[in-house]
Amino acid sequence: MHSGRRRRRLVVDETATCIWSVRHRHSVTGPCQEVLTLSREGTGTRVLLLFPGGEGRFVPDGRLPSGCVALGDASLNLHEPGVVRGFVDEAARRGLLDRSADLDGWELFRAVASARGRPAS
């Protein structure tokens with residue numbers, strides 16, 4: 001069982017460390033969503049990657065385990081450090097970690113899934 005409040009460290013390289021956590025967010029006005037929070041140590045920046053459920057986009061709702069997000073036939077578990085590293089690398093490649101922001105995690109999903117050998121259809 002994973003706690004949505006558990007903060008974990010990911011060493012990106014010799015100069016950068018990322019603190020990350022995963023949680024599930026309910027809404028009365030929209031779909032449930034998984035939230036991957038990435039904070040770069042020493043910078044004060046915090047990026048929230050939001051994964052709202054919706055048509056063809058699946059988040060834990062009783063059928064998927066905690067932290068899993070799925071698009072088509074591809075699924076990723078946001079509790080796995082290797083998956084988080086994929087999102088950190090892809091977000092950094094796109095210049096998205098330089099300032100605090102709430103971002104659509106689905107925009108990065110296909111690139112991360114593909115890099116992990118799980119291309120989304």
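**Notebook: aromatic pairs and the core**

Started with helix H2 (residues 106-115): Trp106 and Phe109 both sit in it, 3 residues apart, about one turn of the helix. I keep in mind that this is a predicted model.

Next I checked how exposed those two are, and both Trp106 and Phe109 come out buried.

Then I counted ring pairs, and the structure holds 3 aromatic pairs. I looked at Phe51 and Phe87: their ring centres are 5.5 Å apart and the planes meet at 80°, so I logged the pair as edge-to-face. Phe51 belongs to strand E4 (residues 46-52) and Phe87 to helix H1 (residues 81-93), so this pair ties together parts 36 residues apart in sequence. Phe51 and Phe87 are both buried.

Back to Trp106 and Phe109, now for geometry: they make a tilted aromatic pair, with 5.4 Å centre to centre and 50° between the planes.

I wanted to know which residues make up the aromatic cluster. Phe51, Phe87, Trp106 and Phe109 form one cluster.

Moved on to the largest nonpolar core, which has 27 residues. I asked which of its residues touch the most other members, and got Leu36, Leu38, Leu49, Phe51, Phe87 and Phe109. Elements giving two or more residues to this core include strand E2 (16-25), strand E3 (33-40), E4, H1 and H2. Strand E6 (68-71), strand E7 (74-77) and strand E8 (101-104) are also on that list.

Notes
Residues numbered from 1 in each chain as written. Predicted model: local features only at pLDDT ≥ 70, side-chain atom pairs only at ≥ 80, totals over all residues. Heavy atoms only, no water. Phe/Tyr/Trp six-rings, centres within 6.5 Å; stacked < 30°, edge-to-face > 60°. Helix = DSSP H or I, 4+ residues; strand = E, 2+ residues; numbered from the N terminus. Buried < 20%, exposed > 50% of the residue type's maximum accessible area, 1.4 Å probe, protein only. Core = buried A, V, L, I, M, F, W, Y, C linked by side-chain atoms within 4.5 Å.
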